[in-house]
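Here is a short note for a colleague who has not seen this structure before. Please read the points alongside the display.

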Amino acid sequence: MFIHFNWISILMPFVYGLIHFKELDKPLKVLFYFVCYGTFTEVLIRLLIIFANIKNTMPFVHLYGLITYPLLFIFYSYILKNIKRRYFLVLGVLFVVYWGVNSLFIQSIYEFPTLPNSLGDMLIILFAIVYFYNVMLEANIMKLADEPLVWINTAILIYFTGNLFYYILFNVILEASREFSKITVAFSCALMALLYSLMTVGFFKARKRKHAGQP
């Protein structure tokens with residue numbers, strides 16, 4: 001049952017965003033590209049596991065991080081207006097170079113990229129915290145529950161914080177107990193389901209606000 005819900009949660013923001021793409025502003029369109037690639041990767045991996053009996057999906061994890069983290073950097077370059085966009089550009093280029101060097105020359109693509117993922121998570125968590133700091137500092141949102149970016153940043157903060165601990169402890173967990181590692185994988189899937197579910201709410205709130213004529 002949980003697996004079915006996980007599939008539904010992954011597809012929800014993709015389908016909703018696809019239908020209402022024209023109504024999304026620039027930051028949310030970038031976020032929709034993140035959702036698209038995440039959905040494509042999840043579906044492809046699961047199909048390959050089922051039909052091609054692929055055992056090691058780590059190469060897809062390496063490619064996933066190489067694309068999705070820069071997309072989130074671009075997303076935050078739009079919504080964190082107090083930080084110059086060129087800083088995000090430089091950071092994105094440096095991150096891609098580091099990730100590529102790690103995957104090609106330092107770490108095998110068949111091993112879990114713990115350090116690059118952890119670094120990417122810490123940066124995204126920092127951006128999410130800065131967003132909420134700006135929200136409290138500016139205090140210009142009348143009702144937080146109606147703000148799309150509040151929902152989306154809440155999703156991002158929860159997901160990447162949870163995954164950061166997962167990445168850091170992955171090898172330790174794997175060596176300690178195979179059964180416990182399965183539980184932590186289920187926990188990671190639950191975080192992903194929450195991420196995509198809250199992003200769907202964010203897309204819905206954005207469309208509702210636009211139809212209401214709000215900026």
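The points below cover the salt bridges and then one leucine.

1. This is a predicted model, in which local features need pLDDT of at least 70, side-chain atom pairs count only at pLDDT 80 or more, and totals for chains, interfaces and linings use all residues. Residues are numbered from 1 along each chain as its sequence is written, and side-chain values use heavy atoms, with hydrogens and water left out.

2. The structure holds 3 salt bridges (a side-chain nitrogen of Lys or Arg within 4 Å of a carboxyl oxygen of Asp or Glu). One of them joins E23 to R207, with the closest N and O atoms 3.1 Å apart. This pair links distant parts of the chain, 184 residues apart: E23 is in the loop between α1 (2-19) and α2 (26-51), and R207 is in helix α7 (residues 178-211). Helices here are DSSP runs (H or I, at least four residues), numbered from the N terminus.

3. K205 forms a salt bridge with D146, at 3.7 Å between the closest N and O atoms. K205 lies in helix α7 and D146 in the loop between α5 and α6 (148-176), 59 residues apart. K205 counts as buried because its relative accessibility is 15% (buried means under 20% relative accessible area, exposed over 50%, partly exposed in between, with a 1.4 Å probe and protein chains only). D146, at 34%, is partly exposed.

4. E42 and R46 meet in a salt bridge of 3.4 Å, N to O. Both lie in helix α2, 4 residues apart, about one turn of the helix.

5. L119 is in helix α5 (residues 114-138) and, at 33% relative accessibility, is partly exposed. Leaving aside residues up to four places away in sequence, L119 touches F95 and Y98 (contact means heavy atoms within 4.5 Å).

Terms used: Helices (H or I, at least four residues) and strands (E, at least two) are DSSP runs, numbered from the N terminus.
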